[in-house]
Amino acid sequence: MAECKDPKCPIHGSLRTRGAVFEGKVVSTKTKKTVVIEIPSLQRVRKYERLEKRRSKIHAYVPECMKVKEGDRVRIAECRKLSKTKSHVVVK
Ligand SMILES: [Zn+2]
């Protein structure tokens, strides 16, 4: 993997990741250095006693050394809040 000088890179920079790690599909790469990841999740519906499929969308930061395109499966990790909507970073 190439070196990068991105301070917000979890591998080469000083950004520490913590907490939950999710895997999901990239649904949007329209914004620079940000991707929208769709995470499938199952939600139990008490009334019907069955599981309902849900999808949640998470905005994640893309470090300089990561090449991400729409449709990719990526792993993201929780980190400190990077902007108003971002507190996750792509790690793989
Ligand atoms: Zn890097």
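Mentor: Strand β1 (residues 17-28) pairs with strand β2 (residues 34-45) in the antiparallel sense, over three bridges. Here strands are DSSP runs of E, at least two residues long, numbered from the N terminus, and two strands pair if DSSP finds at least two bridges between them. In this pairing Val26 stands opposite Ile37 in β2. The two strands form a hairpin with five residues between them, and Lys33 in the turn has a positive phi of about 60°.

This is a predicted model: local features need pLDDT of at least 70, side-chain atom pairs count only at pLDDT 80 or more, and totals for chains, interfaces and linings use all residues. Residues are numbered from 1 along each chain as its sequence is written.

β2 also pairs with strand β3 (residues 50-61), again in the antiparallel sense, over 12 bridges. Val35 has Ala60 in β3 as its bridge partner. Four residues lie between β2 and β3 in their hairpin, where Glu49 in the turn has a positive phi of about 50°. In a regular strand, side chains alternate between the two faces of the sheet.

As for the setting, the chain has five strands and zero helices (helices being DSSP runs of H or I, at least four residues). Of its 92 residues, 17% are buried, meaning that 20 or more other C-beta atoms, placed from the backbone, lie within 10 Å of the residue's own. The C-alpha atoms fill a box of roughly 50 × 25 × 25 Å along the principal axes.

Technical notes:
A residue is buried if 20 or more other C-beta atoms lie within 10 Å of its own, exposed if 12 or fewer, and partly exposed in between; C-beta atoms are placed from the backbone.
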